[in-house]
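Trainee: Please take a close look at one part of this model for me, and go through it step by step.

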Amino acid sequence: MSDKCEAVVIGTGFGGAINACRLARQWPGKVMVLERGKHYGMGEFPRAPADFARNFWVLPDRTPRPKHVCKAARKAGAGELHGMYDVRNYDHMDVVVCAGVGGGSLIYANVFLEPPEEVFADPRWPASCKKASLAPYYAVAKSVLGSRPIPSDVGEPRRHIHKTELFQAAAKKAHRDSRLLDINVFFGKDFNTPLPIGKQCMNRFGALQTSCTYCGECVCGCNYHAKNTVDLNYLYVAEHVHKAKVHTEHLVDEIVPVNVSGIEDRQGDGSQGYLVRYRNLKENKSGEFLTKRVVVSAGCLGSTELLLRCKRVLHTLPNISDRLGQQFSGNGDFLSFVIEGFKGEPNYGPTITQATDYNLFRDFVPGHAFVVEDASYPAFLSWFVEGARPRLMWWKPISRLVRHLLTSLTSGKSPGVLGYAFADVLSDCTSEQSAVLLCMGVDTSTGVMDLDANGHLSVNWPIQQNRSLYDAILKEGEQFKRHLGAKVFTPLPTWDWPLRNNVTVHPLGGCVLADDREHGVTNANPVKLGEVFGYSGLYVADGAIVPTATGSNPVATISALSERVAEGITGVVPDDQLR
Ligand SMILES: Cc1cc2nc3c(=O)[nH]c(=O)nc-3n(C[C@H](O)[C@H](O)[C@H](O)COP(=O)(O)OP(=O)(O)OC[C@H]3O[C@@H](n4cnc5c(N)ncnc54)[C@H](O)[C@@H]3O)c2cc1C
Ligand code: SF4
């Protein structure tokens with residue numbers, strides 16, 4: 001029998017990193033962290049098209065995935081890809097999550113935004129988890145994650161983000177509030193005096209970071225380590241100070257209680273500990289850890305799927321509440337674009353900088369509460385957009401190029417003609433005149449996650465129940481387009497009939513907190529927060545425990561709740577020092 005460790009943490013996103021750090025401080029060297037994805041050092045995030053094609057997550061598990069992703073997996077040989085982007089297609093809802101050390105923090109857009117109190121008024125939020133009681137945990141997480149608005153551009157033209165200014169002006173025209181958001185991006189250690197762009201220094205936890213270069217590539221992984229991803233703060237301290245052992249490319253596929261001798265006991269309640277079984281994807285072999293407690297932080301989809309399989313397929317955790325999989329939310333995500341006429345340099349600056357409020361923070365209107373955020377996107381994506389433009393649209397610039405060449409034949413060569421010609425072609429860019437509108441709001445949080453006939457996760461999203469929210473977003477988007485000076489407003493093509501598929505990057509729910517097992521899966525009692533009803537020492541700490549949509553970007557709330565789960569386990573009130 002292997003030695004019993006104090007805790008196994010599954011996953012290294014926000015919930016996992018926070019719990020790895022807090023538990024490892026309590027039990028140095030005795031915490032194992034298992035992560036299915038890879039570790040990414042500075043400069044290691046793929047950029048070339050071929051590398052990007054391999055940067056998806058595909059296991060031969062029959063989960064429906066886009067055709068091009070499956071093709072890339074087949075080409076890769078083993079039919080498996082262990083990259084960052086895990087893209088899933090479900091009923092009326094596509095979901096994008098991330099695999100890698102740092103979880104969603106590797107590709108998120110850095111926003112740290114606390115929801116308004118009205119969100120917590122929903123009776124599905126247990127009395128112990130209302131906003132006031134979470135305030136200290138929000139504060140600690142905010143400090144560790146280094147949240148702050150973009151620095152002032154006064155006297156520093158390179159810090160000027162044109163897109164932010166245009167969104168703020170459009171909000172004003174729409175008589176809406178726009179505010180600069182707190183973002184978890186490194187601009188040096190001193191908030192008032194930013195480190196010059198591109199300069200490097202150690203952050204306060206000892207990890208090397210670069211002061212943001214405004215390259216706009218946040219959602220592809222920051223090659224400068226300017227994003228305050230959790231592998232550079234919580235997880236960094238867990239590993240380097242408190243000696244947690246992080247095992248990458250370890251996919252957990254089973255949790256089973258043990259008896260007093262450490263032998264598998266499927267009827268056990270976990271009071272003697274658990275075996276956590278995994279597949280080592282690098283070496284293609286299986287293994288297990290014996291542990292006193294387990295923190296499942298595999299994300300909304302990952303945690304729910306793992307527990308559903310343990311309950312229904314493997315029968316190792318049969319007594320989990322039947323509420324498992326309920327209250328799925330896409331956090332009201334609605335992705336849309338304004339095209340032609342926008343003049344906001346969309347490839348510059350951290351991905352998101354501001355939010356315009358539509359009845360979420362001021363005059364809360366249930367069913368119509370959302371925010372509109374700006375989004376930069378990587379310059380290299382613009383090249384793809386340009387390549388994808390209908391050929392006819394190239395006609396004008398190309399005919400001008402031919403005229404230039406003819407003129408040079410008849411009137412002799414003139415220096416710079418070729419340069420002018422290229423400038424002419426590229427200045428007609430569609431991508432340069434487009435903007436992304438990232439909308440999110442308070443949806444009904446009534447989706448259901450379940451297992452399909454093959455034993456893999458399925459999601460059913462009741463799109464009709466949420467039409468009033470989506471229709472409000474569509475209506476305001478049309479108006480916002482005009483205020484931004486653009487010609488066309490269009491939702492993501494998958495929204496069009498007959499598909500009517502939405503996409504979310506903010507999945508929540510499935511193992512929600514509640515006062516009892518009739519209403520949820522995990523305990524809302526503060527000293528047992530996150531513990532799975534019926535199982536001692538088995539916790540969930542991630543987006544899966546969030547009872548409803550937050551309306552705002554959810555990382556702040558996931559982090560606050562995860563800090564509180566860790567406090568319940570360790571009995572130690574968290575601070576922002578991590579040591
Ligand atoms: C493009 C994009 C932009 C976003 N921008 C923002 C933003 O600006 N602000 C915001 O608040 N939110 C944002 N989000 C959402 C945010 O990233 C997630 O809400 C957050 O990461 C969820 O944290 P988590 O701890 O629940 O799980 P995750 O961060 O998803 O972490 C789960 C981890 O568990 C691992 N895992 C899963 N299954 C297993 C298994 N069986 N065994 C081992 N490991 C496993 C995964 O690989 C992953 O590393 C964004 C998301 C995306 C995709
Ligand atoms: S804009 Fe984003 S990706 Fe680029 S350096 Fe700043 S944080 Fe990193």
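Mentor: Let us start with one pair of residues: Asp94 stands opposite Val503 in strand 21, where a strand is a DSSP run of E of at least two residues, and a helix a run of H or I of at least four, both numbered from the N terminus. The model is a predicted one, in which local features need pLDDT of at least 70 and side-chain atom pairs count only at pLDDT 80 or more, whereas totals for chains, interfaces and linings use all residues. Residues are numbered from 1 along each chain as its sequence is written, while chains are lettered from A and ligands numbered from 1 in the order in which they are written.

Strand 6, residues 93–98, pairs with strand 21 in the parallel sense over three bridges (pairing requires that DSSP finds at least two bridges between the strands). These strands belong to an open, mixed sheet of three, in the order 5-6-21. Because strand 5 (85–90) and strand 21 (502–504) each have a single partner strand, they stand at the edges, and one side of each is left without a neighbour in the sheet. From one strand to the next, the twist averages 20°, taken between lines fitted to C-alpha atoms, with angles from 0 to 180 degrees between N-to-C directions.
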